[in-house]
Amino acid sequence: MAKIKNKIRTIKINADLCNGCRTCEVVCSAGHATPRFSSNNPARARIHVITHRLENIFLPVFAGENTPAQCLGREKYVIDGKEYSECSFCKASCSARGRFIEPDSGLPLRCDMCEGEEQPLCVEWCLNKVLTLEEREEEVEEEVKLGEMEFGLQSLVEKHGLEKLVDTIARMSQKR
Amino acid sequence: MRYAEAGYNLEIDLATGNIEKVETDPKLMELHLGGLGTDVKIHYDRVPPETQAFDPENLLIFSAGLLCGTPTFSANRMLVSTISPQTGLLCYPMAGGFWASELKYAGYDKVIMRNKSPKLVYIYINNDKVEIRDAAHLKGKGALEVQDLIREELNEPDAQVSAIGLAGENRCFGASIEQSKSSASRGGAGAVMGDKNVKAIAVRGTKDIYLADGPEFMKQLKILADWIDHRNHNPLPNKNIMTIHTGVGSPQAMKIVDEKWHTQGFAWGNSRRRRKTFWNDELEKQWTEIQTKALRRFISCFNCPQQCGALITHEDTPRYMAKCFSKLSYMFAAEIDEQGFNWEILEPAFQYGFDSFSTPQVLAMGVELRKDGIFTDEDWEGCPTDIAGTFFWLLDKMARREGRVGDLLADGCYGACRRLGLPEGKYDHNNIKKHEQMCVKLGMMDPLYYLMYATNEKVSITQMEGNWPQEPFREMADREEFVKDWPHLPDDRFKKWFLDWEPRGEFANPFYPTKEISAELVDWMEMLHNIDDALGICCGMGSFCLKPAYHIHNYTKFINAATGLNLDEDGLRKAVNRSRNLHRALQNRRGLRRKDEVPPKDHWKHRFPEYEYELLSYYYNFKGWNMDAIPTRKRLEELDLGYVADDLERRGILKDDPDLVYVPNDNVSREEGSIYLQDGQSDFYIPDDHVSRKEG
Ligand code: SF4
Ligand code: SF4
Ligand code: SF4
C-alpha cells in the first residue's frame with residue numbers, strides 16, 4: 001500500500017485543571033447534531049468527564065473504539081484508597097454499560113477529532129485550557145478510514161453478521 | 001417542537017404515589033419565561049393563601065430555568081419554590097450544580113410535588129421511567145453522602161441527586177437541599193421536603209434539548225465566551241472594590257485569601273460587633289496556609305467555565321465541597337479567629353443540610369440565650385465548655401431537634417424567640433420578615449440597600465445587588481475609567497449617576513443616590529435577578545457581578561435564538577415584570593404589607609426615619625404599587641394581570657382608597673433620628689396619619 005502523509009491530531013488533557021463543568025460534552029453533542037447545533041445532549045457526546053467529586057476524580061475521556069463483545073480482560077483501579085468498579089475508566093463504547101452509546105439507536109459513538117473543524121470543539125470551548133491540540137505529520141500506510149456511518153454499520157455487522165444486515169437493508173429499501 | 005423547554009412537567013402526588021407527565025402550555029413561556037416565573041404562576045393558581053408550609057396542599061416545586069440544558073454558559077440553576085416554614089411567604093432557594101440540566105435531558109422542566117408521602121422515600125427519574133422508592137435505609141444519612149449512596153444503589157454513576165440531611169428530615173427551618181457542590185438554602189425548603197418525606201430526587205436524562213436557531217445561538221455564545229475569557233484575564237482593579245468581586249462568577253471566596261473586607265466589615269457573634277482592626281499580616285499568612293492546604297481542587301457547576309466551589313480536604317475532616325461566604329460564616333458567629341474551625345464545622349453542617357447563612361446566626365443566638373440564663377443548666381447539660389465545642393454540640397442538637405435547646409433553635413431565630421415568649425428584636429434582631437440576614441451592621445443608611453432589604457421578594461438580599469459597585473469611588477479619574485467600559489447599563493444616565501456619586505458630602509449616602517435614582521437602580525438590579533431566576537442562569541454570571549457576562553442588552557439574544565421567541569428588551573422587561581408583580585400579589589395574598597418591609601433596626605447606626613419613609617413610598621409608586629406595597633389595578637392590567645386585580649379586590653386586599661395613593665413629599669425632613677422609641681421598645685417610624693399604622 002502507498003505511504004501517505006497524515007495529520008495526527010492529539011489532544012493533550014491536563015486533568016489537573018479540569019473543573020468538571022462538562023461544557024466539552026455539551027458542545028461536542030451540539031456540534032454533532034444534525035443540523036449542526038440544532039440540539040444538544042451530553043449522552044450523545046464523544047467525550048465524557050468521569051467525575052467522582054469527593055474523590056477528586058475529574059477525568060475527561062474520549063470515545064474510543066467499539067468493543068462488540070465485552071472485553072475478557074478488565075481493569076479495576078484503586079486510586080487514593082478507593083476501588084472503582086470494572087470498566088470505570090475505559091474509553092470504549094461497549095455493551096457492558098451505556099457510555100458512548102447513542103441513546104436511541106444504540107449505535108456506538110466515537111470521537112472523530114472533529115474532522116473538518118478548524119479545531120476540535122471541545123478544545124475550542126474549554127476555557128480552562130484543560131484540552132490542548134497538538135498536530136503533527138506522520139507518514140503512514142494508506143488505509144481506508146471509516147466514516148461516521150461506516151463506524152456505526154461496522155458495529156451492526158459485528159453484532160448481527162453482514163448477511164443479515166444486507167438482507168435487512170434490502171427489505172427496508174423495498175418497503176419505501 | 002418545543003425549543004429550550006422540555007415542554008413537560010412531572011406531577012407527583014406523594015400521598016397516593018400517582019405520577020403524571022403533563023404537557024405544559026407553550027403560551028406560559030411567552031408570559032412568564034420559565035423557572036421562577038412559571039413557578040410563581042403555578043403557586044398563585046394552585047395554592048390557597050391559607051396554606052401553610054407543612055400543610056399537604058403546599059406545593060414543593062423543583063424547576064429548571066428556561067435555558068438550563070441548552071449550551072448557555074452557567075444556566076444550571078435548580079430553583080426550589082414552596083411556602084417557607086419560616087416566613088410564611090413563597091421562598092425560592094436556588095442551587096447550581098448539575099441537577100437542573102439533567103432534569104431537562106430527562107424531558108422535564110419541573111417536578112411538582114403535592115401532599116405527603118406516608119414513609120420516607122426518594123424519587124428516581126430516568127427519562128420516561130419515574131419511580132418512588134423506599135428510603136428507610138437512607139434515613140439520617142448525610143445530604144452529601146446520600147447522593148453517592150443513591151448513585152451506587154441505582155448503579156447509575158451519571159445520575160444527579162438533590163438531597164436533604166437530618167436537618168430537612170427533622171423539619172429544621174434552616175434546612176437546605178444539597179446538590180453536588182451547591183445548596184438551595186434560604187427559607188427552609190429542605191424542611192418542606194422533609195415534611196413531605198422525600199429524602200432525595202435522583203435524575204438521569206439522555207434526551208435532546210433543541211435550539212430554535214443553533215448557529216445564531218452559538219455565535220452569541222462565542223461572543224460571551226470571549227467576554228468571560230477577557231474578564232478572567234483582566235480582573236477589575238481592586239482599588240475601589242473588594243478583590244472577591246473583581247472577576248466574574250460568584251464571589252471568589254475559595255480562591256482569594258485576603259479577607260480584610262469581610263472580617264472587618266461584617267459583624268461577629270450574633271451580628272453584634274464589628275472588629276475594625278481585625279486583619280493583619282500574621283493572619284493573612286496563617287489563613288493562606290490553611291486555605292491553600294484545605295483546597296484540593298476548584299470546581300464549577302454544569303456548563304460553566306468558572307470555578308467558584310472547591311473540594312475541601314482539611315486535615316482529618318471528611319471531604320466535602322464548599323463555596324462562597326460559607327468559608328467564614330461559622331467563624332464569625334462563634335467569634336473564633338481560627339479558620340480551621342470553619343473548615344471543620346462546615347462538613348457536618350453540609351451533611352446535616354443546613355443553610356450556612358442562617359444557621360451560624362441561630363447558634364450564636366443560642367449562645368447569647370445561654371449567657372442571659374434563658375437556656376438553663378439543665379438545657380445545656382453535656383455541652384462542652386469551649387466555644388468551638390459548643391457550636392458543634394448545638395449544631396448536632398439542632399439537627400436532631402434534641403432537648404429544649406435543639407428543638408427551639410431548629411425553628412430559627414424568630415421562631416425560637418417567639419416560642420420562648422421573648423420580645424421581638426431583642427435576640428432575633430437581625431431578621432427581615434422573620435428570616436435571618438447577612439451579619440452586616442454599618443454606619444450610614446444606604447438608600448439602595450434600604451430598598452433592597454425592605455422589599456425584595458427573596459427576603460434575604462444575599463446576592464440581590466451586584467451590578468452596581470457597593471461604594472462610590474473616591475477619585476473621579478477612577479470613576480471615569482470605570483464607566484468607560486460598561487456596556488451593561490440600561491442607558492447613559494446610569495453612568496452620570498455613578499460619576500456624581502461621592503463618598504462624602506451632598507452627593508453621598510444617605511441622600512444620594514436620590515430617591516428617584518435609587519428607585520431606578522434597585523428596580524433594574526432586581527429585574528436582572530428575576531431574569532436570571534427565570535432563565536436558570538447563575539447570578540454570578542449576570543445579576544450578582546460587576547461587569548458580568550449577561551446583561552439587559554444580551555439576554556434576549558440568547559432567549560430568542562434558543563426559544564424562537566422574538567423578544568426585544570421591552571418585551572423581556574414586560575415578561576419579567578409580569579412575574580414580579582404576580583409574585584408580589586401572591587405575597588400580598590399571604591398577608592405581606594408595608595409594615596413587614598423593614599430592614600433590621602440596628603442595620604445602620606445613622607437612620608433618617610422620615611426620609612426613609614419617603615424613599616420607600618416613592619419606590620412603591622415607581623413600581624406601580626400603592627402605599628401598602630400592593631400592585632395597583634392599573635399596574636396589573638398593564639401586565640395582563642387583570643385577573644389578579646379582580647382576585648385581590650374580591651379578597652378585600654386591593655382597595656380603591658385615596659389614602660393609599662402616593663403624595664410626593666419633597667420637603668421631607670432630612671433629620672437623623674432614632675428608630676427606637678423613648679421607652680426602649682423598638683419600633684420603626686411611620687407617620688401618625690398613615691393608614692397601615694392605623695390598621696396595625
Ligand atoms: S470543558 Fe474543560 S474544564 Fe470543563 S469538564 Fe471539559 S475538560 Fe473539564
Ligand atoms: S474532538 Fe470533537 S468529536 Fe472528539 S470529543 Fe472533542 S468535540 Fe467531540
Ligand atoms: S459562576 Fe460559579 S456558582 Fe455560578 S455557575 Fe459558574 S461555577 Fe457555579
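Between which two domains of chain B does ligand 3 lie? Domain 1 (8–204) and domain 2 (243–393) of chain B both give residues to its shell, so ligand 3 lies between them. The domain bounds come from an automatic or database domain assignment.

## Before you dig in

This is a predicted model, where local features need pLDDT of at least 70, side-chain atom pairs count only at pLDDT 80 or more, and totals for chains, interfaces and linings use all residues. Residues are numbered from 1 along each chain as its sequence is written, chains are lettered from A and ligands numbered from 1 in the order in which they are written, and side-chain values use heavy atoms, with hydrogens and water left out.

## Around the ligands

Back to ligand 3: its surroundings include B:Asn76, B:Arg77, B:Lys181, B:Cys301, B:Cys304, B:Cys308 and B:Cys538. A residue makes the list if one of its heavy atoms lies within 4 Å of the ligand. This shell splits into 5 nonpolar, 5 polar and 2 charged residues.

Ligand 1 has chain A residues around it, among them A:Cys18, A:Cys21, A:Cys24, A:Cys126, A:Arg22 and A:Asn128. Here the shell divides into 7 nonpolar, 4 polar and 1 charged.

Side chains of opposite charge can pair when their charged atoms come close.

Helices (H or I, at least four residues) and strands (E, at least two) are DSSP runs, numbered from the N terminus. A:Asp80 is exposed at 57% relative accessible area, while B:Arg319 is partly exposed at 25%. Buried means under 20%, exposed over 50%, and partly exposed in between (1.4 Å probe, protein chains only). There's also a salt-bridge network linking A:Arg44, A:Glu102, A:Asp104 and B:Asp208.

## Salt bridges within chain B

B:Lys515 and B:Asp666 make a salt bridge, with their closest N and O atoms 2.9 Å apart. B:Lys515 is in helix 19 (residues 515–535) and B:Asp666 in the loop between helix 24 (642–650) and helix 25 (691–695), so the pair ties together parts that are 151 residues apart in sequence. B:Lys515 counts as buried at 7%, whereas B:Asp666 counts as exposed at 61%.

For a local example, take B:Asp148 and B:Arg151, whose closest N and O atoms are 3.0 Å apart. Both lie in helix 4 (residues 145–154) of chain B, 3 residues apart, or about one turn of the helix. B:Asp148 is partly exposed at 27%, and B:Arg151 is buried at 18%.

## A nonpolar patch on chain A

A:Met149, A:Leu153 and A:Ile169 make up a nonpolar surface patch, with about 300 Å² of accessible area together. Patch members have over 30% relative accessible area and no salt bridge; nonpolar side chains (Val, Leu, Ile, Met, Phe, Trp, Tyr) are joined within 5 Å, like charges within 9 Å. Areas come from the Shrake-Rupley method with a 1.4 Å probe, and for residues only the protein chains shown count as cover. A:Leu153 belongs to helix 3 (residues 148–160) of chain A and is partly exposed at 33%.

Terms used
Salt bridge = Lys/Arg side-chain N within 4 Å of Asp/Glu carboxyl O. Nonpolar A, V, L, I, M, F, W, Y, C, P; charged D, E, K, R; others polar.
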